[in-house]
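Subject: Structure for you to look at

Hello,

Here is the structure I said I would pass on. Please open it first, then read the notes below beside it.

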Amino acid sequence: MIPLQLMALALVALGGLAVVAVRDPLRQVLVLGLYGLVLVVLFVVFQAPDVAFSELVASAVAFPFILLAALAKMRDRK
Amino acid sequence: MSRRARLILFGGSVTILVALLVWGLTGLPAFGEFQGQYGRILNSTTQSSRHVGNVVAAVVFDYRGFDTLGEELILFASVMGVALLLREVRDEGERPRDEVRSDVVRAVGLAVIGPVVVLGLFVVAHGYLTPGGGFQGGVVVASGLVLLYAAGEYRAYRAASPSSLVDLAEGAGAGAYVAVGIAALLAGGLFLENVVALGTTGTLASGGTIPILNAAAGLEVAAALVLLFQEFLEELFEE
Amino acid sequence: MSFLPYALAAWLFAVGLYGVVTSRHLVHLVVCMTVIQSSTYVLLLGIGYRTGKKAPIFSSAVPPQVGAVDPVVQALTLTDVVVSVTVTALLLALVIEIWKRSGTLDPDELRRKDT
Amino acid sequence: MTLVPLVVAVPLLAAAVLAAFGHFLPARFPDVVAVAVAAFVTVASVILIFRSSDETIHYWFGGWRPRNGIALGVSFSVDPLGAALAALVGVLATAAFVVSWDYFRERVPPQFHVLMLLFVGAMVGFALSSDLFNIFVFFELMSVAAYALTSYRIERPSAVQGAINFAVVNSIGAFMLLIGIALLYARTGALNLAQMGQVLAQHDADGLVIVAFTLVAVGFLTKAGAVPFHFWLSDAYAVAPAPVCILFAGVMSDLALHAVARVYWLVFSGPLGTDVRPVLIGVGVITALIGAVMAWLQAGLKRMLAFVTISHIGLFLIGIALLTARGLAAATVYVVADGLVKGSLFCAVAQLARRVGHTDELVCHGRGRVIPGTGVIVVVGALGLAAIPPLGTFVPFGLLGRSAGLAGYGWLAPVLVLATALTGGAVLRAAGRIFLGLGPKRDDLLVSPPPGEEEDVGLAEVPRRGALLWVPALALLICGLGLALTPGISGHAVRHAERFVDRASLARETLHGVRAPLGPVPAVHASAGSYLYGAVSVLAAVTLALLGLYRSRALRIVAPAAHRLKLLHDGVVGEYVTWLTVGAAALGVLFAAVVR
């Protein structure tokens, strides 16, 4: 195993924990975006560029958009 | 059950479950030593039998194209589900106003849209040669359209994606995939059999039905996400 | 060492599950589901990796004889990543409806009121 | 041959076409298309039952036939058992589409039919596929369509909550299933069931095999609603619109059990042998009894039928868990007969909702007198649930009891009787109250759901074509109970089940084209003992119903325990996921303990 892979593994482990640990949804969206990018790195070092590409467009564009739209909708009253 | 009781119960059982999981995982081949014959055979034969360089694309749209048909329909079903859930008798006359942000944002946004959509189409088109393809490119195309919204041009965004047209594209993307499968039956093959001429490796016209299915997936994904974004946006502007 | 990627998958699974069980906010809960899901990607791609091999994309410069990592697991994950976005959107749409009807996003406050 | 892909492709294509052109079509067009497609699925599946009766049809998508015993693509393996389940999907879908024509007062949004058609196509694909990842894909497709359909009545809080509980618990089950698939792929380098089984059979069971079996079983049992993975089910089935429930209760849960049988026999039977039998039987017994008790405690008919479904899932699981061809045959025939009866009962509930405006037995006390025909259907259906001899549900009930005896589990017969008597008795009690006005209007032992859950919106007006509601109910009931008239149905089922459990031959046939042998049709007759058990079940059901109506106090002794059981079904998703974790851990530990 190469150092780059080890580093990516460690980052993903921390990232996953962070996503769960951040209880404020708005901040969590940000952390989720970062976690997605770390996953992209992991997939690249696992020699899976196609999957990394999928993860990139999903976590950089699609996920934040729907999450933010949903949170914006529900911002009042709660 | 109190939260405390739940935590204790969960803590105990998840420890056991993870222990079991680890026990199972120790039976895996060491990392990097996997010798699965399925993947090895596909790696060695795809280029000659399918005239396509990207084996992953060949698996997605040919060897296991039937799985992808199902995956595409999951996407389709969830978007239909969102539309069903967020349905509401919306007043068609009342359009949400454009939230004009700074002119700089607007100018940058508008300047970027064209290139993003072109990039998306490029990603869709070259999926079976290089990394990328209908699934990734479709998301890029849809995000280009969303930029219209981000640039404050909600009206332009709506004009670029009228509901009935998006519905049509969405249904057509899903339907085209199934239709290609049925076309193979009509041509005397098995469902989704790659009956089209395979072309020359490395060119856009290679791979037989792979580019067709890839394009159908691209259309489906792009339309699905546009529809999805639209539903969430309308929800946002609704009183 | 050679076991770490698999352990990471187990870790993500457990952490995500913990998040789901303890969540007090439905959007948080839905995001925790995506963490569990990512554990399946890590596991699949970790299984398919082969030391020293490159991505399964061949050309005249890279002939198939040199071998590559497993393409099947990548195909299985690739579509799933994009599909999971829309499934998450469906869950969020449900959450929005719950918020509209019940005015709360705390799953523990949605206890059934049978008589 | 061409019919094999078309049974799946036609509903899926119809869904896409309806979505694309929904805006431009006349209002009733989707109804017509949906009924026609469902009828096509039914006819095509019935044809496939006969076509596959001499030889299993292996259909390789994309023309990727296996090379040197290695599957390159995705395949369906169609045998009469799988085709019968596909036919059940078709029949129930036809009924559901006919019922929905009149059931909904409002104009149904086009997405409803689109999702229903996707759901139908996914269930058929799930029933026929013989590739584990492909099974997973159809599992997901039917789940996603089902979540959305559950929440159809978005104006009711409990509908949306039921849907999200369903979605969260099932998705986690699906992730476990996928992890199990990944483990198996790493070990065998294959995704085709037969090929996986070939590789696994070369070695003894180790940690990976046991854990993979646990995860795959948990995934499917969650969808099936086996205890303790069942909590979401009653929340979801109680709130989904009746036409959707016809498919949910009639066939969706049962399909997941059939998948357990397929995966066990084709993949795991080599290394695991019959070691896991006691554990699976235990899950079946607990599911059958808890489901039956919970069904008894419900006043809301839809929730009651949801628990009836859980209880009977337990019965079918017992049949599969015997790990014999006879047990599997009994379970499969039972699934079909019982699915038709439950579908008929849900049609009757739809009728009640339309005419009386409510489906809670205490609220509807005596108000069902306006629809005596529906009352007759419910009573006969309840007797069907109680396995009344010699009708359709009795045939597999008897076969199940005898299979248990043959496998050395004779003590299971009274358990089966208890479950059928309680579930049949619960529905009989409700029928007595609603359609005859028997018994008091209050019963503290029973649970009434929160307001709005069992109510039907709007005034109870007479539907224009009421026939569209009761004709499907009658037709399904006649089909289900009339199944007993099919000559030699048990014998044929056992014969095909015997081929189904012959893993090595079936794998050779799938991968190398060497035909698997098919034995003669064995003579299977109901014994006097079976009739006795059937009669006891019906008598007990009637007695229990009368007790419930007139001597409810006598049943009070169970109240504290019942109350505790009720409290567990509280709709809190975090707790449901906790129970899922507990169940998965327990199942894994037990499997680890019994294997080898």
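pLDDT is the predictor's confidence in each residue, on a scale from 0 to 100. That matters here as this is a predicted model. Chain D has a mean pLDDT of 93, and 98% of its residues reach 70 or more. For the complex, the predictor gives an ipTM of 0.95 and a pTM of 0.95.

How the chains meet

Five pairs of chains are in contact, and the pair that shares the most contacts is B and D. Chains A and D, in contrast, do not touch: 14 Å separates their nearest C-alpha atoms.

Chain A

Chain A has 78 residues, and 58% of them are buried. Taken along the principal axes, the C-alpha atoms of chain A fill a box of roughly 50 × 25 × 10 Å. If you count the contacts in chain A between residues at least 6 apart in sequence, 49% of them join residues at least 24 apart.

One residue in chain C

Find C:T104, which sits in the segment after α3 (71–102) of chain C. Is C:T104 buried or exposed? C:T104 has a relative accessible area of 8%, and because buried means under 20%, this residue counts as buried. A polar atom of the C:T104 side chain lies 3.1 Å from the backbone nitrogen of C:D106. C:H25 is 79 residues away from C:T104 along the chain, yet the C-alpha atoms of the two are separated by 8.7 Å.

Rolling a probe the size of a water molecule over the atoms shows where empty space is left. A search of the whole structure finds 15 cavities of 30 Å³ or more. The largest cavity has a volume of about 180 Å³. Which residues lie nearest its centre? They are D:S77, D:D79, D:L266, D:F500 and D:L506, out of 17 lining residues. Three elements of chain D each supply at least two residues of this lining: α10 (242–272), α18 (489–500) and α19 (503–512). The largest share, three residues, comes from α10(D). By class, the lining of the largest cavity has five nonpolar, nine polar and three charged residues.

What classes of residue make up the lining of the second largest pocket? There are 17 nonpolar, seven polar and one charged.

Regards

Conventions
Residues are numbered from 1 along each chain as its sequence is written. Chains are lettered from A and ligands numbered from 1 in the order in which they are written. This is a predicted model: local features need pLDDT of at least 70, side-chain atom pairs count only at pLDDT 80 or more; totals for chains, interfaces and linings use all residues. Side-chain values use heavy atoms; hydrogens and water are left out. Contact means heavy atoms within 4.5 Å. On a 1 Å grid over the protein atoms alone, a cavity is a set of points where a 1.4 Å probe fits but cannot get out, and a pocket is an open set with protein on both sides within 12 Å along at least five of seven lines; lining residues have an atom within 4 Å of a point. Grid points are joined across faces, edges and corners, and a volume is the space filled by probe spheres set on the points. Helices (H or I, at least four residues) and strands (E, at least two) are DSSP runs, numbered from the N terminus. Ala, Val, Leu, Ile, Met, Phe, Trp, Tyr, Cys and Pro count as nonpolar, Asp, Glu, Lys and Arg as charged, and the others, Gly among them, as polar. Buried means under 20% relative accessible area, exposed over 50%, partly exposed in between (1.4 Å probe, protein chains only). A polar contact is a pair of N or O atoms within 3.5 Å; within protein, one must be able to donate a hydrogen and the other to accept it, and residues adjacent in sequence count only if both atoms are side-chain atoms.
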